[in-house]
Amino acid sequence: MRTISTDERRARLALRHRLAPGRRTDDPAETARSLVALHATDPATVYLSAAARSRNLVPSALEAALYDDRTLLRLLAMRRTMFVVPVELAPVLQASCADALAAKQLAKYSGYMEKSGVPDARAFFAATAEEAHATLLKLGRATGAQLSKEVPALRTTVQLAPGKSYSTPTSITTWVLVTLGLQGRIVRGRPNGSWISSQYVWQPIEEWIPGGVPVMPAKEARAALVREWLRAFGPAPVSDIKWWTGWTVAEVKSALAEIATVEVDLDGVPGLVLADDVDPVAAPEPWAALLPALDPTPMGWKERDWFLGPHAPALFDRNGNIGPTVWWDGRIVGGWAQRADGEIAVRFLEDAGADARAAVAAEAERTAAFYGTIRAVPRFRTPLERELSA
């Protein structure tokens, strides 16, 4: 059995995640392909993740990829998390993740409506979704509020806890639009605001993919997604695959049975790597990076000790969301935050040496320049980020 050391895993991370300077690119779609998907729960993460892996990327270039060239697409997928993905990967994510999520959300929302007294709730929900989709096709683009003016059924309100004093009326507009998005029928378009805004306009999926998302068998799609993940994040234990995808053990095993993998030793822990990806990888020159909160690299594995070390208490919130991190040569050595005046404040959590301090300072200047006049607070605050931004 081949042993892949922690040092080699870090070298793979640097090269495949485009963090080593020689691998950086100003093409946002190439960045997304290298990581399978960019985390997009916090809109700023998409831009900052791409910028950290670029040479001279500016926000307008990523906006163009998302909303003009449309080489990237925003959708809910693994673990019901928002991602920005290359358009060509949409069929894989739709069949492997989104279809099952759509069914679960439809059952959940219909259940709320039934408890609130809406008659034949599932049929009503489905009919409302069809009308909303047809209306959006006619309009071309609309906010939820604009659609609800055209489709009165969207203004239906329900009580999430009927009979309870704390229950408040909730409109079904967002439920319907989220479900249509999960079904691959509509997509979040350009936001009303800057690149840190999450007030999106909805558009038909056909504006990104003519004819809509191609249909794939779920089994084939799951195998394709695991292959993409192993190419970007392997080698890794099977538990990391299960966590990242959000699938059952059976679904993970079924996907792995469809692709050629080799078991390797990860410093005493069994892991998997693609069968055509066992050759040794040489480390690049030492590198520094400032990665944003929820960046896809640190959020790509469940087991993170090999690059995180003892720094989790300062860098994660209570729900497992990572904040902004400082990297040196394949491991996390500190954290950072943007202050109100635009300064990028950095704190090392260990002594990484003079070369690291100089390289990190240069990355901090680059990050501040990318922000420009934008001031962004991470959606999920972490202890060190709060302290540094004060």
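**Note on helix packing and buried residues**

1. Gln105 is buried, at a relative accessible area of 7%, where buried denotes under 20% relative accessible area, exposed over 50% and partly exposed in between, with a 1.4 Å probe and protein chains only. The residue lies in helix H5; helices (H or I, at least four residues) and strands (E, at least two) are DSSP runs numbered from the N terminus. Not counting residues up to four places away in sequence, Gln105 touches Arg80, Thr179 and Leu182, contact being heavy atoms within 4.5 Å.

2. The model is predicted, and local features need pLDDT of at least 70, side-chain atom pairs count only at pLDDT 80 or more, while totals for chains, interfaces and linings use all residues. Residues are numbered from 1 along each chain as its sequence is written, and side-chain values use heavy atoms, with hydrogens and water left out.

3. H5 packs against helix H6 (residues 121-139) at an angle of about 120°, with the axes 8 Å apart. Axes are lines fitted to C-alpha atoms, for helices over the stretch in contact, and angles run from 0 to 180 degrees between N-to-C directions. H5 is therefore oblique to H6, given that angles under 35 degrees count as roughly parallel, over 145 as roughly antiparallel, 65 to 115 as roughly perpendicular and the rest as oblique. The contact involves Leu106, Ala107, Tyr109, Ser110, Met113 and Glu114 of H5, together with Ala121, Arg122, Phe124 and Phe125 of H6.

4. Helix H9 (residues 218-233) and helix H10 (residues 238-245) also pack at an angle of about 120°, with their axes 11 Å apart. Their contact is formed by Leu225, Val226, Trp229 and Leu230 of H9 and by Asp240, Ile241 and Trp244 of H10.

5. The largest nonpolar core contains 127 residues, and Leu73, Met78 and Leu225 have the most contacts inside it. Such a core is a set of buried Ala, Val, Leu, Ile, Met, Phe, Trp, Tyr and Cys residues joined through side-chain atoms within 4.5 Å. Helix H5 (residues 90-115) gives the most to this core, with 11 residues. Leaving aside neighbours within four places in sequence, Met78 contacts Ala37, Phe83, Leu93, Cys97, Leu225, Trp244 and Thr245.

6. Asn321 occupies the loop between helix H13 (312-315) and strand S11 (325-328). Its relative accessibility is 13%, so Asn321 counts as buried. Apart from neighbours within four places in sequence, Asn321 is in contact with Leu294, Leu315, Phe316, Phe380 and Thr382.
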